[in-house]
Amino acid sequence: MQGANRPKHSDKDAKPKVSLSDEELSEVVRIQQFRSEMQKVLQRLQDSFVKHLSLHSVAGNIDKIRVHVDSQEYSLAEVAQISKKSAQLIVLNMASFPDAIKAALKAIQESGMNISTQQDGTTVFCHLPKVTREHRETLSKNAKALFVKAKEDLVAIERKYLKEIQKNKLGISEDVVYNASLQVKMEAENTVEQADTMTKAKQKELLGEK
């Protein structure tokens, strides 16, 4: 019986017995679309690392805090003149928009950035959290959580395109269908490994390890 001794499709180390060209793969699967979706997940993971997991992200993102004043939304940079005095202190001069002070204080408090504030007239002193070991470990755990989500997304994409191959297999040789399935699985696993490598590098950076 043909194919009786083949390894099961789910074998982790199974590689396509025959390398199919993109043209052959495209007979049963939208291979370029598959690769594009996988790369988008990687890019999203990288963007999340940069945006949310920088040791200095608080200072870099404080100007983007959204402030609601009289049913209008502004960025903090639009309602205050922002000056960085030190690694732990940022001063907001709100003389040009004093009506926004109360809303700005509320927005900073609710930002989740762990900033403590002190008001003196139209000046607001923002004391930023120190980069403690605990803070580093929290960011490292967040990196792992982002990786887990990315891996789930990659597995979902892999499943979607494996189903597509099965749907399109009518009239296509069994070998092409089999090798196309293994090719998709192998590329998905390689992308998960890339995401894992990116995450471990980010965790080392966050934890201050060489």
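**Exercises on F125 and its chain**

**Exercise 1.** Determine which residues F125 is in contact with, leaving aside its neighbours within four places in sequence.

*Solution.* Contact requires heavy atoms within 4.5 Å. Under this criterion, and with neighbours within four places set aside, F125 is in contact with L89, I90, V91, S116, T117, Q118 and D120. For V91, 34 residues away along the chain, the C-alpha atom lies 4.7 Å from that of F125. The model is predicted: local features need pLDDT of at least 70, side-chain atom pairs count only at pLDDT 80 or more, and totals for chains, interfaces and linings use all residues. Residues are numbered from 1 along each chain as its sequence is written, and side-chain values use heavy atoms, without hydrogens and water.

**Exercise 2.** State where F125 is found and why F125 counts as partly exposed.

*Solution.* First, F125 is found in strand β6, residues 123-127; strands are DSSP runs of E with at least two residues, helices are runs of H or I with at least four, and both are numbered from the N terminus. Next, buried means under 20% relative accessible area, exposed over 50%, and partly exposed in between (1.4 Å probe, protein chains only). F125 is partly exposed because its relative accessibility is 26%.

**Exercise 3.** Identify the buried residues of helix α5 and what their cover includes.

*Solution.* In α5 (residues 101-109), the buried residues are I101, A103, A104, L105, A107 and I108. Their cover includes β1 (66-69), α4 (76-79), β4 (89-93), β5 (116-120) and β6. Within the whole chain of 210 residues, 38% are buried.
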